[in-house]
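Please keep the viewer open as you go.

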Amino acid sequence: MKTLLPPARASLIALLALSAPLAAQDTVPDPATVNAAINAPLPADQAAIKAHVMFLASDAMKGREAGSGEYDIAAQYVASRFYAAGLRPGGGAGGYLQAVPLVRYRTSGESRAALGGRTLVAGTDYVPLADPRRAKVSLDAPLVFAGYGVPDDLARLDVKGKIVALLPGAPHDLNAEQRAYLGSIDTKAEAAAARGAVAVIQLVTPGSERTTPFARVAERSARPRMTWAEADGSGHADAPIPVVATFSEAGAAKLFAGTRISWAALVKEAKRPVPRYAAQPLPARLTIDTASAFEAARSSNVIGVLPGSDAALAKEVVVLSAHLDHIGVTAPDARGDTINNGALDDAIGIASLIEEAKRFHERAPRRTVMFVAFTAEEKGLIGSDYFTAHLPATGTIVADVNLDMPILTYRFEDMVAFGGDRSTLGPVIGRALAGIGVTLSPDPMPGEAIFVRSDHFNFVRRGIPAVFLWPGPKGPGKAATDDFMNKHYHRPSDDLTQPILWDQAVRFVDANYRIAREIADADTRPLWNRGDYFAGLFDGPMAP
């Protein structure tokens, strides 16, 4: 899953206390004891899931980073398991792998910028940002301030031919999911481009400085980023215009020098739920030059297909997905471990997908079911973005059910379907879970906007009803989730020393199979609920 919360240091003891999975100790267990516990015998159904995780989350896979040889080995493993489950190849050239061309891009060389002829200092007044589409960006254009850059703000002034300066985030009166989507700088750039803007710049405010200091923005801007490659080799970006720079508070104040509303007054007003600042032209022109360097890479999604048995409904496709990649090798942790194994994030999701595929051969589904293991989720949902932009010619996709980082260190009593309340998928999931004595709970952390933060959201952006499934917060669920997020998320300790309850992994597979089976066999395709915000935004099919 894309970054949620800043994790703290992890403990390892829970391995030896499966009956009390949240226990912790300060000492590292003896390796022989650890291996004995990891390799303890299990019933066949539990062992099958664990075997997948043992391979995918092994040190030999070096964290399955997209673009690495180890990821390619993991992809071949998943392809072999799809073959063994009886799935037909759904990738390219008659195989299971859908090639995903990638581009790494970063800032290159020196940047120059001036405001009305007055030189700005890179690293102090602003930080240049890499552009995935172009090696060089040279701009000399008037500036306009468009608030948060949401549609209402952009509608207030003429941005054609101008560089648009934007505040971070979105208005506070929107719900968290709308704020997360509309607050994305990529969403803002796309909207500004549609109105004729030539570029976008971001402005640091005191609030954003507290959460992400400008110094950290500068440090991050120097790191390579990744996207998928267009046919001409350039990097894909949703917006055709560049997000050219981030301005510090000091740099932003210079942009507003001489305006009728000072920068300080504007920042104060922006804190209101419905700010009443004036979207307005800024007095000086901005001249800025930036450069980007590129490196080609490659990876693949893994796709297996189970054709539907109903002559009419087989043209409709239900996608079941999980992401195969993780974050690779990083600096040593307190144990000296550098490999981020990604056992729960998301090897166990992939293992669940494989075992779910095997269950479908008990009886062929009416609709076609497609199983997809995505690459580069950790790089920004890139594999699923490429997939939804280059759909295989299998049929019309009518739903996606996504499995990302199920935390299976406790006996779950409920499940959460992020986005389930937005479409007819919600009642389907509720009925399926009732069959195994599990309830469906609402989103326990709506402020995190998880609905827009995993691979399923790229289906939503194509108007396709989609959900993201997690074990729920009831009973020990909240404590187990907090423990994982605070101690193991995106850490080397997300490995097989965690107290994974493999019988709960079997229950999780059973729950997901029941959900997917009902979707695949229903008389009618899933529909968005009437009036849903994202359905309207992306022109999805709505219930009458």
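1. Let me start with the rings. The count comes to 24 aromatic pairs, where rings of Phe, Tyr and Trp (its six-membered ring) pair if their centres lie within 6.5 Å; planes under 30 degrees apart count as stacked, over 60 as edge-to-face and the rest as tilted. One of them is formed by Phe-360 and Tyr-513, an edge-to-face pair with 5.0 Å centre to centre and 75 degrees between the planes. Phe-360 lies in the loop between α11 and β13 (368-374) and Tyr-513 in helix α16, so this pair ties together parts that are 153 residues apart in sequence. Phe-360 is buried, with a relative accessible area of 0%, and Tyr-513 is buried at 10%. For these labels, buried means under 20% relative accessible area, exposed over 50%, and partly exposed in between (1.4 Å probe, protein chains only). Helices (H or I, at least four residues) and strands (E, at least two) are DSSP runs, numbered from the N terminus.

2. A word on provenance before going further. This is a predicted model, in which local features need pLDDT of at least 70 and side-chain atom pairs count only at pLDDT 80 or more, while totals for chains, interfaces and linings use all residues. Residues are numbered from 1 along each chain as its sequence is written, and side-chain values use heavy atoms, with hydrogens and water left out.

3. Back to the rings for one more cluster and two charges. Ring pairs link Tyr-181, Phe-451, Phe-457, Tyr-533, Phe-534 and Phe-538 into a cluster. Elsewhere, the charged end of Arg-507 sits over the ring of Phe-412, 4.3 Å from its centre, and Arg-81 lies over the face of Tyr-77, at 5.9 Å from the ring centre. The rule here is that NZ of Lys or CZ of Arg is within 6 Å of the ring centre and within 35 degrees of the ring normal.

4. Do have a look at Asn-512, in helix α16 (residues 502-521). Is Asn-512 buried or exposed? At 1% relative accessibility, Asn-512 counts as buried. A polar atom of the Asn-512 side chain lies 2.8 Å from the backbone oxygen of Phe-508. That is a polar contact: a pair of N or O atoms within 3.5 Å, where within protein one must be able to donate a hydrogen and the other to accept it, and residues adjacent in sequence count only if both atoms are side-chain atoms. Leaving aside neighbours within four places in sequence, Asn-512 is in contact (heavy atoms within 4.5 Å) with Glu-356, Leu-403, Met-415 and Leu-469.

5. Next, the charges. Side chains of opposite charge can pair when their charged atoms come close. A search of the whole structure finds 30 salt bridges, each being a side-chain nitrogen of Lys or Arg within 4 Å of a carboxyl oxygen of Asp or Glu. Among them, Glu-70 pairs with Lys-62, the closest N and O atoms being 4.0 Å apart. Glu-70 is partly exposed at 22% relative accessibility, and Lys-62 is partly exposed at 43%.

6. Two salt bridges to view within helices. In helix α15 (residues 477-487), Asp-483 and Lys-487 are four residues apart, and therefore separated by about one helical turn; their closest N and O atoms are 3.1 Å apart. Asp-483 is buried, with a relative accessible area of 18%, whereas Lys-487 is partly exposed at 24%. Asp-510 counts as buried at 18% relative accessibility, and Arg-514 is partly exposed at 33%. Salt bridges that share partners join Asp-333, Arg-335, Asp-337 and Asp-495 into one network.

7. Finally, some backbone geometry worth a look. A cis peptide bond joins Asp-345 and Asp-346, with omega about 5 degrees; Asp-346 lies in helix α11 (residues 343-359). Arg-64 has a positive phi of about 50 degrees although it is not a glycine. Arg-64 lies in the loop between α2 (44-56) and α3 (69-84), and is buried, with a relative accessible area of 0%. Ala-93, also not a glycine, has a positive phi near 55 degrees. Ala-93 is placed in the loop between β1 (88-89) and β2 (97-107) and counts as exposed at 90% relative accessibility.
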